[in-house]
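Please look over the sequence and the 3D view below. A short report on the model comes after them.

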Amino acid sequence: MAVECKIFGTLRLASGIDRLLLDIPEKSVPLRRILEELGQRKGLDELKKLAQNRNGESLPFILLLQGKNVFDLDGLETVVKDGQRVSIFPPSGGG
Amino acid sequence: MGKGCPYSLQVAEANVTFSRQIDILGLDGQKRLAHSTVAVAGVGGLGTVVSQVLVRAGVGRLILIDHDKVELSDLNRQILYDQGDIGKRKVEASSRHLLEIRQDIKIDIFHKRVDSTFFIDTEVDAVADCLDNYDSRFFLDRFCEERDILLVHAGISRLFGQVLSIAPGSKMRLRDVFKAVDGKHYKTQALCAACMTVGAIQAMEIINYLVYGAKGLSCAKSIMSVDLSSFCLERIPLA
């Protein structure tokens, strides 16, 4: 299956990646697996650590699946399917 | 607009102050701004830009909310302050500088934190979230939800920022979009140029709403991501 991953902010700056089409053999995988895959890229290693987070912990990134915060779904266990889009966005907290 | 605003602009076409923008906003639009009240929560890097843009645009009344005092380390980006303001309350210093731009504007100040007890007993048309932590932002979100007021959120970090509008009556709230984010205070690195860019977009979103209503909003239903490392403005769609 193919999953479109959009990367924003400091992650984009560190990795040089703004958009990535991940090709995964399975028909569906948990979001955690997507993060592990992305985390292997240079500059995205923070996502590998993120993939080890337990659900319910606060995160340094907003994770959107099809525009919906995954914490309104099943967190890092949310099932990602073919053709879906994951957006990873470090929220800017300063004012 | 202007439910609780006591201020009314003198005949706008005669007002030289707005003569270089009246063709853009129209006389009716200028009058709507004059009869509008905007609350700016946080008068730091973003809030000093937002409040100044709104004053120069012709908003009739501002409510400034901040619990902090001006420090030397604020002067790199908080455009309303200067050396003489160090140690002074931000709401008082910003109010004084804004009144130097336009004496006819009404400004109310609240030297307080935005927390679970936050309340202001004033009719407000729009609220600018220029705070520096998500715990306070979520309290502000609840306040706007209960009062059915537009909330225009913005955040800044290094060379990046984001703007998101939560329209009155919206079921999607700020706390839904930013769920699971660490709510603590951010003492972030930030350049003045980033604060001015993001703050200007935030202020323009409010101006468009005050002049044109909800149809004027550009940052509802998607996060406007601002990237000054590549001069990229990009929407992140929300469902």
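## Ground rules

This is a predicted model: local features need pLDDT of at least 70, side-chain atom pairs count only at pLDDT 80 or more, and totals for chains, interfaces and linings use all residues. Residues are numbered from 1 along each chain as its sequence is written, while chains are lettered from A and ligands numbered from 1 in the order in which they are written.

## The nonpolar core

The largest nonpolar core has 87 residues. Such a core is a set of buried Ala, Val, Leu, Ile, Met, Phe, Trp, Tyr and Cys residues joined through C-beta atoms within 7 Å. Buried means 20 or more other C-beta atoms within 10 Å of the residue's own; exposed means 12 or fewer; partly exposed lies in between, with C-beta atoms placed from the backbone. B:Val40, B:Ala41, B:Leu54, B:Ala126, B:Val127 and B:Ile206 touch the most other members. Helix H6 of chain B (residues 192–212) supplies the largest share of this core, ten residues. Helices (H or I, at least four residues) and strands (E, at least two) are DSSP runs, numbered from the N terminus.

B:Leu54 sits in helix H2 of chain B. It counts as buried because 27 other C-beta atoms lie within 10 Å. Neighbours within four places in sequence aside, its contacts are B:Val38, B:Val59, B:Leu62, B:Ala203 and B:Ile206. A contact means that two C-beta atoms, placed from the backbone, lie within 7 Å. B:Leu54 and B:Val38 are 16 residues apart in sequence, yet 8.5 Å apart in space, C-alpha to C-alpha.

## Strand S1 of chain B

Is strand S1 of chain B buried or exposed? Five of its five residues (37–41) are buried, so the strand is largely enclosed by the rest of the structure. In a regular strand the side chains alternate between the two faces of the sheet. Here, B:Thr37, B:Ala39 and B:Ala41 are buried on one side, and B:Val38 and B:Val40 on the other.

S1(B) runs parallel to strand S2 of chain B (residues 61–65), joined by five bridges. Strands pair if DSSP finds at least two bridges between them. B:Ala39 stands opposite B:Ile63 of S2(B). S1(B) also pairs in the parallel sense with strand S4 of chain B (residues 126–129), over four bridges. There, B:Val40 faces B:Ala128.

## Helices H1 and H6 of chain B

Helix H1 of chain B (residues 22–34) packs against H6(B) at about 105°, with the axes 8 Å apart. Axes are lines fitted to C-alpha atoms, for helices over the stretch in contact, and angles run from 0 to 180 degrees between N-to-C directions. The two helices are therefore roughly perpendicular. That word covers 65 to 115 degrees; under 35 is roughly parallel, over 145 roughly antiparallel and the rest oblique.

## Two loop residues

B:Asp148 lies in the loop between H4 (134–147) and S5 (150–157) of chain B. Its phi is near 60°, a positive value in a residue other than glycine. B:Asp148 is exposed, with 10 other C-beta atoms within 10 Å.

B:Arg158 lies in the loop between S5 and S6 (160–166) of chain B. Its phi is positive, about 55°, although it is not a glycine. B:Arg158 counts as partly exposed, with 18 C-beta neighbours inside 10 Å.

## Where the chains meet

In all, 22 residues of chain A are in contact with 33 residues of chain B. On the chain A side, H1(A) gives the most, with three residues.
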